[in-house]
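Reader: I would like to learn how to read the packing of helices in a protein. Could you walk me through an example?

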Amino acid sequence: MGIIPIILSGGAGTRLWPLSRKSHPKQFLKFSEPYTLFQETLRRCDSDIFDPKPIVVSADDHRFLARENLREIGVESDLLLEPVSRNSCAAIIAGCLQAIARDPEAIVVALAADHRVKDASGFAATIEKGLSATQKGRSEERRVGKECR
């Protein structure tokens, strides 16, 4: 299993009004055809280092937009719907709990669905370096844990 992406897609996108509004926030807009920012984020995670089934945390009000965007690019995900927005921390915790339910040893990366990253291969390479450091740290933590027992 690879890194499980947690895609944070619950924002209202009000800073980009009038293009973006509560009923259709910026992560679901197409700034460059053919993909929305949300879809671009999901496609950035189409690499061997990522688990193929991301966890998407979205506002309940945007469930149809999220599902349609996922369907359009053929991505299956765990879709967690926030009944009330509680900002990024709560969304990340919910995503992490879902990841741990799938794999107690899960490694995750939390990504905003409304960011534009032009260099997808550079992004994946950077995440891969972080994964290497994480795995090294996890091995060291286990070694020290055994010594303390």
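Predicted model: local features only at pLDDT ≥ 70, side-chain atom pairs only at ≥ 80, totals over all residues.

Reader: At what angle do α1 and α2 pack, and how far apart are their axes?

Author: The general idea comes first. Two packed helices are described by the angle between their axes and by the distance between the axes. Here, α1 covers residues 37–44 and α2 covers residues 63–72. They pack at an angle of about 50°, and their axes are 10 Å apart. The two helices are therefore oblique to each other. Their crossing is right-handed.

Reader: Which residues of α2 are buried?

Author: Ala66, Asn69 and Leu70 are the buried residues of α2. Viewed down the helix axis, they fall within an arc of 100°, so they line one face of α2.

Reader: Why do residues three or four places apart point the same way in an α-helix?

Author: An α-helix has 3.6 residues a turn, so residues three or four places apart point the same way.

Reader: What covers the buried residues of α2, and which exposed residues does the face turned away carry?

Author: The cover includes α1, together with strands β2 (55–59) and β3 (78–82). On the face turned away from the buried side, you will find the exposed residues Phe64 and Arg71.

Reader: Now a residue in a strand, please. Is Ser9 buried or exposed?

Author: Ser9 lies in strand β1, which spans residues 4–9. Its relative accessibility is 1%, and the limit for buried is under 20%, so Ser9 counts as buried. Leaving aside neighbours within four places in sequence, Ser9 is in contact with several residues, among them Phe38, Val57, His62 and Ala113. Phe38 also belongs to the contact of α1 with α2.

Reader: How many helices and strands are there in the protein?

Author: There are four helices and four strands. From the N terminus on, the elements run β-α-β-α-β-α-β-α. Buried residues make up 35% of the 149 residues. Finally, take the contacts between residues at least 6 apart in sequence: 66% of them join residues at least 24 apart.

Note on methods. Residues numbered from 1 in each chain as written. Heavy atoms only, no water. Axes fitted to C-alpha atoms, helices over the stretch in contact; angles between N-to-C directions. Parallel < 35°, antiparallel > 145°, perpendicular 65-115°, else oblique. Left-handed = near helix turned anticlockwise from the far one by under 90°. Contact = heavy atoms within 4.5 Å. Buried < 20%, exposed > 50% of the residue type's maximum accessible area, 1.4 Å probe, protein only. Arc of directions from axis to C-beta.
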